[in-house]
Amino acid sequence: MEPETPSRGGRPRSFDRDGALDIAMRLFWRHGYEGVSIGELTRALDIAPPSLYAAFGSKAALYEAALRRYETLAPVELPRPGDAATLEDAVREMLEASVRAVTDPAGELGCMISTGMISSHAEHERLGRAVAERRDRYREAMAHTLARWTGAAEAAALARYLTAVMQGLSVQARDGAGADALSLIVDEVLAGLRARRQRAG
């Protein structure tokens, strides 16, 4: 049974933690950590500040819970064994998944993790590091996947490049670029990869 939280009128009501996390996640996704105040969070959640602190501990803890919620609802898409026949196919699948994610009308534009906490006040350094570590884990997982078709060193370098491309896709989506425009970037990346491998081969 969900705990009851006092309403603004003083009457107890059921507190939907998952629903609250969804609302907070959308706010942080749209405006960033520093762009959302405690007042905006409590108004959106329709709870008083003490109730927010009782439920989540702090704004920072709520942000980290929202990040975990985001990862659950928007899992990283990497090609599974057998899904991609070639390196080019694998890269295409990754980039097309990124375009779908950052332009999905069901969510906010851009990626909460890809471009989250890129810069922040010094007092939020720990949160920034938490987001950066998520980006690092994704890049490492990407390199591991790409290593099926190439050497480890080349896979690591390519994963770093593709991570930068995906961050750019996220920024451009936030700026209003649609899926068609972003798909042209994917085509350019694939053309460059194809030309490079032809020269190497």
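A nonpolar core of 54 residues is the largest in the model.

**Confidence**
- The average pLDDT of the chain is 89.
- A score of at least 70 is reached by 92% of the residues.
- Residues 7-12 fall below 50 in pLDDT.
- Beyond near neighbours in sequence, the 7-12 stretch still has 11 contacts in the model.
- Where pLDDT is low, the predicted coordinates should not be read in detail.

**Overall dimensions and surface**
- The C-alpha trace spans about 70 × 35 × 30 Å along its principal axes.
- Of the 201 residues in the chain, 40% are buried.
- The chain exposes about 11,000 Å². Carbon and sulfur atoms supply 52% of that area.
- Among contacts with a separation of 6 or more, 65% link residues 24 or more positions apart.
- There are 26 positive and 28 negative side chains. The centres of these two sets lie 2 Å apart.

**The largest nonpolar core**
- Phe 28, Tyr 63, Val 91, Met 112 and Leu 146 have the most contacts inside this core.
- Elements giving two or more residues to the core include α1 (17-31), α2 (38-45), α3 (49-56) and α4 (59-73).
- Also on that list are α5 (87-103), α6 (125-146), α7 (152-174) and α8 (179-200).
- The most is given by α7, with eight residues.
- Tyr 63 is in contact with Phe 28, Tyr 33, Met 112, Met 117, Leu 127 and Val 131, leaving aside neighbours within four places in sequence.

**Two residues with positive phi**
- Most residues other than glycine have a negative phi. Two exceptions follow.
- Asp 46 has a positive phi of about 60 degrees and is not a glycine. Asp 46 sits in the loop between α2 and α3.
- Asp 46 counts as partly exposed because its relative accessibility is 39%, between the 20% and 50% cut-offs.
- Met 117 has a positive phi of about 55 degrees and is not a glycine either. Its place is the loop between α5 and α6.
- Met 117 counts as buried because its relative accessibility is 11%, under the 20% cut-off.
- Met 117 is also one of the contacts of Tyr 63.

**Pro 75**
- Pro 75 lies in the loop between α4 and α5.
- Its relative accessible area is 52%, over the 50% cut-off, so Pro 75 is exposed.
- Pro 75 and Ala 101 are 26 residues apart along the chain. Their C-alpha atoms are separated by 9.6 Å.

**Ile 38**
- Ile 38 belongs to helix α2.
- Ile 38 contacts Leu 52, Tyr 53 and Lys 59, with neighbours within four places in sequence left aside.
- Ile 38 and Gln 172 are 134 residues apart in sequence. In space the pair is 28 Å apart, C-alpha to C-alpha.

Conventions. Residues are numbered from 1 along each chain as its sequence is written. This is a predicted model: local features need pLDDT of at least 70, side-chain atom pairs count only at pLDDT 80 or more; totals for chains, interfaces and linings use all residues. Side-chain values use heavy atoms; hydrogens and water are left out. pLDDT is the predictor's confidence in each residue, from 0 to 100. Contact means heavy atoms within 4.5 Å. A nonpolar core is a set of buried Ala, Val, Leu, Ile, Met, Phe, Trp, Tyr and Cys residues joined through side-chain atoms within 4.5 Å. Buried means under 20% relative accessible area, exposed over 50%, partly exposed in between (1.4 Å probe, protein chains only). Helices (H or I, at least four residues) and strands (E, at least two) are DSSP runs, numbered from the N terminus. Accessible areas come from the Shrake-Rupley method with a 1.4 Å probe; for residues, only the protein chains shown count as cover. Lys and Arg count as positive and Asp and Glu as negative; His and the chain ends are not counted. The place of a charge is taken as NZ of Lys, CZ of Arg, CG of Asp or CD of Glu.
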